[in-house]
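Dear colleague,

I am passing on the structure below, followed by notes on what was found in it. Please read the notes alongside the coordinates.

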Amino acid sequence: MSDSENSAPRSGHSENSGYSEQDVQREVTALEGKSATAARIFDLRRIIGGLFVLYGIIVTVTGITDSQAAIDKAQGVNINLWTGIGMLVLGVFFLVWLKLRPAAPPVPSAQEPRGE
């Protein structure tokens, strides 16, 4: 970049940008709300719980439909059935945990909105 590009004033960043303090505070509040929503949507407990439930269902169905030869190969234990049930229990645990203790909203910044 040349020196003339660096010294050029940035549009929208000057003191007289046309936005009032209330407009800025309203925008900050809206962005904080969106951030809290995104934090809840992408909570790892939801993703892990959902995947464990999904794979648990698949493995449990596989265990229910296993042949006797597959059970004999695992020394008489229907390992797919027991693993699937364990995965289902773990997945449900994560989802219940998410429901009982949702993600805390982000702590507001130290700056308080200025009164009129």
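There is 1 salt bridge in the count, taking a salt bridge as a side-chain nitrogen of Lys or Arg within 4 Å of a carboxyl oxygen of Asp or Glu. The pair is D43 and R45, whose closest N and O atoms lie 2.7 Å apart, and both D43 and R45 are buried (buried is under 20% relative accessible area, exposed over 50%, partly exposed in between, with a 1.4 Å probe and protein chains only).

This is a predicted model, in which local features need pLDDT of at least 70 and side-chain atom pairs count only at pLDDT 80 or more, while totals for chains, interfaces and linings use all residues. Residues are numbered from 1 along each chain as its sequence is written, and side-chain values use heavy atoms, with hydrogens and water left out.

Helices are DSSP runs (H or I, at least four residues), numbered from the N terminus. The buried residues of α3 are R45, G49, V53, G56, T60 and G63; they cover an arc of only 100° around the axis, and therefore sit on the same side of α3, the arc being that of the directions from the helix axis to the C-beta atoms. The cover over these buried residues of α3 includes α5 (79-100), where contact means heavy atoms within 4.5 Å.

In α5, the buried residues are G84, M87, G91, F94 and L98. Those residues fall within an arc of 90° seen down the axis of α5, so they line one face of the helix, whereas W82, V89, K99 and L100, on the other side of α5, are exposed.

Best regards

Conventions
Helix = DSSP H or I, 4+ residues; strand = E, 2+ residues; numbered from the N terminus.
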